[in-house]
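Q: Could you take a close look at one part of this model for me, the salt bridges and the strands around them? I'd like the overall picture first, then the details.

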Amino acid sequence: GATNTASGFYSSVSGGAANTASGSSSSASGGSANTASGATSSVSGGGANTASGAISSVSGGRDNTASGGASSVSGGDTRSAGGLYDWAAGALWENF
């Protein structure tokens, strides 16, 4: 992918654009402008997501942040999981 950076020890970026994996053993798998900066953190896709907590993950969506240790955001828009073991997700349904 274009302008991706894998700078952490054992980190990887698999695709997308403008993704960064700077934490040790972190990964960014796709999407755009995602950052995996926590040790053993991951961002699987979406846009402008951040996994900064150790062992944290963001699975997709947009503008989501998993900053707590072992925290997870499963998707949605502007969701955050800031505490230890916290979990957040987007709405399970929406009215259109």
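A: Let's start with burial: 34% of the 96 residues in the protein are buried, meaning under 20% relative accessible area, with exposed being over 50% and partly exposed in between (1.4 Å probe, protein chains only). Bear in mind that this is a predicted model, so local features need pLDDT of at least 70 and side-chain atom pairs count only at pLDDT 80 or more, while totals for chains, interfaces and linings use all residues. Residues are numbered from 1 along each chain as its sequence is written, and side-chain values use heavy atoms, with hydrogens and water left out.

The protein has 12 strands and zero helices; these are DSSP runs numbered from the N terminus, with strands (E) needing at least two residues and helices (H or I) at least four. Six strands make an open sheet in the order β1-β3-β5-β7-β9-β11, paired in parallel, where pairing takes at least two DSSP bridges between two strands. At the edges sit β1 (5-6) and β11 (80-81), each pairing on one side only. Strand β9 (residues 65-66) is a parallel partner of β11 over two bridges, and Thr-65 stands opposite Ser-80 in β11.

Now for the salt bridges. The whole structure has two of them, counting a side-chain nitrogen of Lys or Arg within 4 Å of a carboxyl oxygen of Asp or Glu. One links Asp-63 to Arg-62, with the closest N and O atoms 3.6 Å apart. The other joins Asp-77 to Arg-62, and here the closest N and O atoms are 3.0 Å apart. Asp-77 lies in the loop between β10 (72-73) and β11, and Arg-62 in the loop between β8 (57-58) and β9, so this pair ties together parts that are 15 residues apart in sequence. Through shared partners, Arg-62, Asp-63 and Asp-77 end up in one network.

How covered are these residues? Arg-62 is partly exposed at 47% relative accessibility, Asp-63 is partly exposed at 36%, and Asp-77 is partly exposed too, with a relative accessible area of 32%.

Zooming back out, the C-alpha trace spans about 40 × 30 × 15 Å along its principal axes. As for contacts (heavy atoms within 4.5 Å), among those between residues at least 6 apart in sequence, 0% join residues at least 24 apart.
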